[in-house]
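Hi there,

Here is the structure I promised to pass on to you. Have a look at it first, and then read on for what turned up.

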Amino acid sequence: MQGSLMESVRMYNLMRQQGIGPVSFTFTSLLKACSDDGGVSLGMQIHGQVIKFGGFGSDLYVSNTLIDMYMRCDLLDSARKAFDEMPERDAISWTSLIVASTRLGNMVEAGELFDGMPLKDMVAWTTMVMGFSQNAKPREALEYFDRMLEAQVETDEVTLASVISACAQLGATKYAKWVQDVADRAGFGPANNIVIGSALINLYSKCGCIEEARNMFDKMKNKNVYSYSSLILGLAMHGCAQEAIDLFEKMSKTDIKPNKVTFLGVLSACSHAGLVQQGQDFFAEMEKKHSVTRTVDHYTCMVDLLGRAGHIKDAYDVIKTMPMSPHAGVWGALLGACRIHGNPEIAEIAANHLFELEPNAIGNYILLSNTYASAQKWNEVSRIRALFRSKCLKKNPASSWVECAKGVIHEFFAGDMNHPRTSEIKRELEDLVCKLMLDGYTPVLSCVPYDVSDDEKKKILLWHSEKLALAYGLLVDCGIIRIMKNVRICEDCHVVMCGASKISGREIIVRDNMRFHHFCNGVCSCNNFW
C-alpha cells in the first residue's frame, strides 16, 4: 500500500475524531487514492462509510468515483451494483460501466448498457466501436459506426482510428476507400493527420493494397515513427523485404528514432525473405546503436527468422539464452518451423512448453500432430489427436473469403458445398485442375496429415477453402482476386494459386494468418519462401 493512501486515511480518521463531518470531496479523494494504489479492500470500507453517512449514496460524483474504483480493480459486478443503486446517473456513469465491460470483453453487457443509455454522446458511441474492434468483432464495430453516422453524431480521430482498425481486421478494400472518405469529410484527412494517415497505411496494407499504402505514406505532409513503422510492417507482410529495409535506412537518416515496433517490422521483413545475416545484424544493432531494449517479441522474430531458414537448432539455442521467460509466441514460432522443416524431436519440446502455457489452444496440438504426420509417425499422430479430443478441444474450421464486385464478400469453408452457385464453382475448380495438370501440376499429397489413400488425399485437397474462393473469383471475373484466409495457406494451394495466375492471366492476392502472397503470371511474391 502506498504511503500517500495511508496518509489520506490517517487524516480522515483524525478529522472524524475531531467531530468534523465529511463532504463529497472527502470521499471522492479517498476513493480515487484507493483506485490509484490498488487498495480495493480499503475502498470497500470507505464505500461503507459513504452509506453510513446518509446522503452521499445519492451524490453523483461520489457514485461515479465508486464505479471508477471498482472498474480499475476489475470488480465489474461491484461496479454494476453501485451503478444500479444510483438514483441519478449521467453520461459518465453509463460510459464508465460500458468501458469496463468492453475492457473485460463482455460486449453483450456493454451493448445492453448502451441501449439503455438515454442520451448517447460521441464518447459512448466511440467506446462501443472501439470495444468491438479491440475484441475482434469488426463487423459489429462497423455496424455501430454506421448507426453513429445515421444518428449524426460527430466523430473524432479516436473514433476513426477504431473504425480503421476494424476495417483492417476484415481486410476488404471497399471499407478502406469508404473510411478514408469519411475521414476526409470529418476534417481528419490523412494528408494532414498523422494518426489517421498511419492507421490508413496499416489498413491498406492489410487489404492487400500495398501500392495504396505507399501512396498514403507519400501524401502525408508530416510523418512520425508510427507512419514509418506502419509502412515497414506492411512491406514486410507483403514480402517486400528490401523495400522495408530501405525505408528503415531512410528513416535512420532523419530525426525520427526507431522504436520497438519499427524493429519488429524490420526483423519480420528479414524473416519472410530468409535474410538471416541481415536480421541478426539488425537484432545486434537494436540496443548498441539505437538504444531500443529487446522484448520477448523481438526474440520471437529471431526464432522465426532462424527457424524458417531451417536453422532449427540455432533457433532453439536463442530461446535457451533469452534473458526473459519465453512466452507462447516464442515456442509457437519454433514449433511452426519444426512443422515446415520436419523436426519432430524439437517440435515435441516446443509443444510440451506450449501445452503448459496454452493448455486449451488446439492449434498447438494440430501443429505437433501434423509434424508427426509429415514424418509418418502415425502412432504419435493418433496419440496427440486422442489427447486434444480428451480435452474436448475443437478446431476452428478453415475458412476463406473473397471480395468481389461492389465489395460483396463471399465466405467458404473447407469441403462446404452450401454456396448458391456450388455446382458452377465445382465445375470451374475441376476445369482449372485439369488445365493445371496438363501444365505439369501434381497434387502435394504431404499437405494432408491423415493416413488415408492417395485418392482420398486428392479429394481433400481439392475442396480446401481457398480453392473454392479462387474458383468463385475466376467464375465471376471480378478483376484482381483477393482472398483472405484464417489459417496458413498450404503448399498445394500455393502451387495451385501460382498456376491459376498463369493460366487465367489474373492477379491473385492471398492473405493468410501470416502474410500476403501476390501471385502473378505463375510466380508468387514470396519466391516460394514462407
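Leu-170, Gly-171, Ala-172, Trp-401, Val-402, Glu-403, Ile-409, Arg-482 and Met-484 form the lining of the largest cavity. Please keep in mind that this is a predicted model. Two strands each give two or more residues to that lining: E1, which covers 399-403, and E3, which covers 481-485. Strand E1 contributes the most, with 3 residues. By type, the lining residues split into 6 nonpolar, 1 polar and 2 charged. The space inside the largest cavity comes to about 40 Å³, and the structure has 1 cavity of 30 Å³ or more.

The other thing I wanted to show you is a pair of helices. Helix H17 spans residues 276-290 and helix H18 spans residues 296-308; their axes come within 10 Å and cross at roughly 165 degrees. Angles over 145 degrees count as roughly antiparallel, so H17 and H18 are roughly antiparallel to each other. Their crossing is left-handed.

Which residues meet where H17 and H18 are in contact? From H17 there are Val-276, Gly-279, Gln-280, Phe-283 and Met-286, and from H18 there are His-298, Tyr-299, Met-302, Leu-305 and Leu-306. The residues of this contact comprise 7 nonpolar and 3 polar, with no charged ones. The lining of the largest cavity, by contrast, does include 2 charged residues.

Terms used. Residues numbered from 1 in each chain as written. Predicted model: local features only at pLDDT ≥ 70, side-chain atom pairs only at ≥ 80, totals over all residues. Heavy atoms only, no water. Axes fitted to C-alpha atoms, helices over the stretch in contact; angles between N-to-C directions. Helix = DSSP H or I, 4+ residues; strand = E, 2+ residues; numbered from the N terminus. Parallel < 35°, antiparallel > 145°, perpendicular 65-115°, else oblique. Left-handed = near helix turned anticlockwise from the far one by under 90°. Contact = heavy atoms within 4.5 Å. Nonpolar A, V, L, I, M, F, W, Y, C, P; charged D, E, K, R; others polar. 1 Å grid on protein atoms, 1.4 Å probe; cavity = no way out; pocket = protein on both sides within 12 Å on 5 of 7 lines; lining within 4 Å. Points joined across faces, edges and corners; volume = space filled by probe spheres on them.
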